[in-house]
Every structure is written in C-alpha cells, then in structure tokens.
Amino acid sequence: MDLPMGSFRYINFKSKHSYKVDIKANNMLTELEVDDGFEKESIPHNKVKRLLVYGDIAAGQEININTTMDEEFPLPKRWFKSCYDNFVLQVEGDSMLNADIEDGDYVVIRQQDTASSGQIVAAIIEDGVTLKRFKKKEGDIYLLPENEDYQQIKLEEDIRILGVAVGLIKNI
C-alpha cells in the first residue's frame, strides 16, 4: 500500500480551517509536519492515523466504488476523535466545483448512514456512488450538485448514504 509523499493541503469542512501537511518518512515510520498558517507542529508517527483510500467517487455521473484499497493518507489522529470510521475517496468529475471540490482531489468521508440537510455526502444511487450535497425538503430527498452544468437528483426512493464529507485533501 502506497503512502503519498510530499505535501498536501487538508481542509476541515466543519471548522473551515486549512492546513499544509508535509509527510516525513523516518526509518519507515510516517511523521507529519502540520502548518496552520500561524505555527508549525511536528506530529510523531504514533499520533498519525492512516486513512484508507478506496478509489474514486463521482462528482458528476455515478461510478462504481473500488472495494480494494489503493493507498493511505496519513493525518493527525486528533482530527478524528469520534467513534466513526473514516476513509478517503478520490474525486472524479466537476459537479462539486462551486464547493471547491475539484477533479483529482481526495475527500475524507466519515462513515455513517444518515445526513443532515446541507451536508455533502457520498451516496449510492442504483449501482453507482456519487458525491453531492444532501437536501431533504417536505419529505423529498434531493442530491444537489455544486455546478450549474449539472441537474439536481430527486430521489424517488431511499438512498444509501455511505458517509458525510468531513474534509478535503488537495495536492499542492
């Protein structure tokens, strides 16, 4: 399993904080240097959580999810204190551009089967998986793109939510 090397930017969706993360390999152990724009912090290997990347998620037309792990992303454990499992999917497509989620980015998903209106979710529709904004209105469920080139999806039946997007990883 490959770890990405180098630097990336992590954006926490809840706090709206952005961090520059540098991956440092030290004797086969992964350490991080995190810069929040004010100070830099070194994160030792025992305080690093490796989130598994399960392939691509569509930000456009639905695609099948890869059930094998392609790689891992190391992030500070303290960013994931909850009891939820977290995983990563690589974005394919441009339907979420206005949410600053671009083709090739990685989205961090907190695994759960429910969502609140306004949250960005990874959802299974028919046989595919897509990333959209969840909206519940007057008993109807909609999946909304963040790009005017795409149509909203009104769901006639229940959908299966894989999880809620909690963060974004951008290559820099």
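This is a predicted model: local features need pLDDT of at least 70, side-chain atom pairs count only at pLDDT 80 or more; totals for chains, interfaces and linings use all residues.

Mentor: Residues are numbered from 1 along each chain as its sequence is written, and side-chain values use heavy atoms, with hydrogens and water left out.

Trainee: How many helices and strands does the protein have?

Mentor: Helices (H or I, at least four residues) and strands (E, at least two) are DSSP runs numbered from the N terminus. The protein has 0 helices and 13 strands.

Trainee: Which strands does S1 join through bridges?

Mentor: Two strands pair if DSSP finds at least two bridges between them. Strand S1 (residues 6–12) runs antiparallel to strand S2 (residues 18–26), with 6 bridges joining them. Within this pairing, Arg-9 has Lys-20 of S2 as its bridge partner. S1 is also antiparallel to strand S13 (residues 160–171), through 5 bridges; there, Ile-11 is partnered by Leu-168 of S13.

Trainee: How are S9, S10 and S11 joined?

Mentor: Strand S9 (residues 120–125) pairs with strand S10 (residues 128–137) in the antiparallel sense over 6 bridges, and Val-121 stands opposite Lys-132 in S10. The hairpin of S9 and S10 has 2 residues between the strands, and Glu-126 takes a positive phi near 55°. S10 in turn runs antiparallel to strand S11 (residues 140–144), joined by 5 bridges. The hairpin of S10 and S11 has 2 residues between the strands, with Glu-138 at a positive phi near 50°. Lys-137 has Asp-140 of S11 as its bridge partner.

Trainee: Which residues touch the most other members of the largest nonpolar core?

Mentor: A nonpolar core is a set of buried Ala, Val, Leu, Ile, Met, Phe, Trp, Tyr and Cys residues joined through side-chain atoms within 4.5 Å. The largest core has 20 residues, of which Phe-8, Tyr-10, Val-21, Leu-75, Trp-79, Val-108 and Ile-169 touch the most other members. Elements that give two or more residues to this core include S1, S2, strand S3 (29–35) and S13. Apart from it lies another core, of 18 residues, among them Leu-89, Ile-109, Val-129 and Leu-131. Over the protein, 44% of the 172 residues count as buried.

Trainee: What does Asn-86 touch, and is it buried or exposed?

Mentor: Contact means heavy atoms within 4.5 Å. Asn-86, found in strand S7, is buried, with a relative accessible area of 11%. Not counting residues up to four places away in sequence, Asn-86 touches Leu-51, Phe-80, Ile-109, Arg-110 and Val-166.

Trainee: How is the largest pocket described, and which residues lie nearest its centre?

Mentor: On a 1 Å grid over the protein atoms alone, a pocket is an open set of points where a 1.4 Å probe fits, with protein on both sides within 12 Å along at least five of seven lines; lining residues have an atom within 4 Å of a point. Grid points are joined across faces, edges and corners, and a volume is the space filled by probe spheres set on the points. The largest pocket has a volume of about 470 Å³. Its lining has 22 residues, of which Asn-12, Phe-13, Lys-14, Ala-165 and Val-166 lie nearest the centre. S13 gives the largest share of that lining, 4 residues.

How values were computed: Buried means under 20% relative accessible area, exposed over 50%, partly exposed in between (1.4 Å probe, protein chains only).
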